[in-house]
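Student: Could you walk me through this model? I'd like to start with how its parts are packed.
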Amino acid sequence: MVEVDRKGGQKTRDAILDMILRNAKVTSTQMAASLGINRSAVSKHLKKLQADGIIRRVGPDKGGHWEVIK
């Protein structure tokens with residue numbers, strides 16, 4: 001398990017980005033299990049990363065993958 005900031009800070013976003021870079025097909029459920037936080041918290045981070053133009057989702061929710069833009 002990766003240690004992250006319980007307040008949902010930059011450490012959590014960095015850990016999520018690292019997971020995406022290692023495996024573009026990683027799911028939010030897998031991220032949550034690895035980080036020790038709930039899936040809805042991961043979803044909030046993913047939405048923030050998308051809104052900031054850092055990542056984007058390519059393809060459908062099932063069978064798609066993440067792409068790091070920056």
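Tutor: Contact here means heavy atoms within 4.5 Å, and helices (H or I, at least four residues) and strands (E, at least two) are DSSP runs, numbered from the N terminus. This is a predicted model, where local features need pLDDT of at least 70, side-chain atom pairs count only at pLDDT 80 or more, and totals for chains, interfaces and linings use all residues. Residues are numbered from 1 along each chain as its sequence is written, and side-chain values use heavy atoms, with hydrogens and water left out.

Student: OK, how many helices and strands are there in the protein?
Tutor: The protein has 3 helices and 2 strands, and along the sequence they follow the pattern α-α-α-β-β.

Student: And which residues of H1 are buried?
Tutor: Taking buried as under 20% relative accessible area, with exposed over 50% and partly exposed in between (1.4 Å probe, protein chains only), the buried residues of H1 are Thr12, Arg13, Ala15, Ile16, Leu17, Met19 and Ile20.

Student: What do those buried residues pack against?
Tutor: The buried residues of H1 pack against H2, H3, strand S1 (55-58) and strand S2 (65-68).

Student: What share of the protein's residues count as buried?
Tutor: Of its 70 residues, 33% count as buried.

Student: Switching topic, how far apart are the end C-alpha atoms of H1?
Tutor: They are 18 Å apart, which agrees with the 18 Å that the 13 residues of helix H1 (residues 10-22) should span at 1.5 Å a residue, because the expected span is 1.5 Å times one less than the number of residues.
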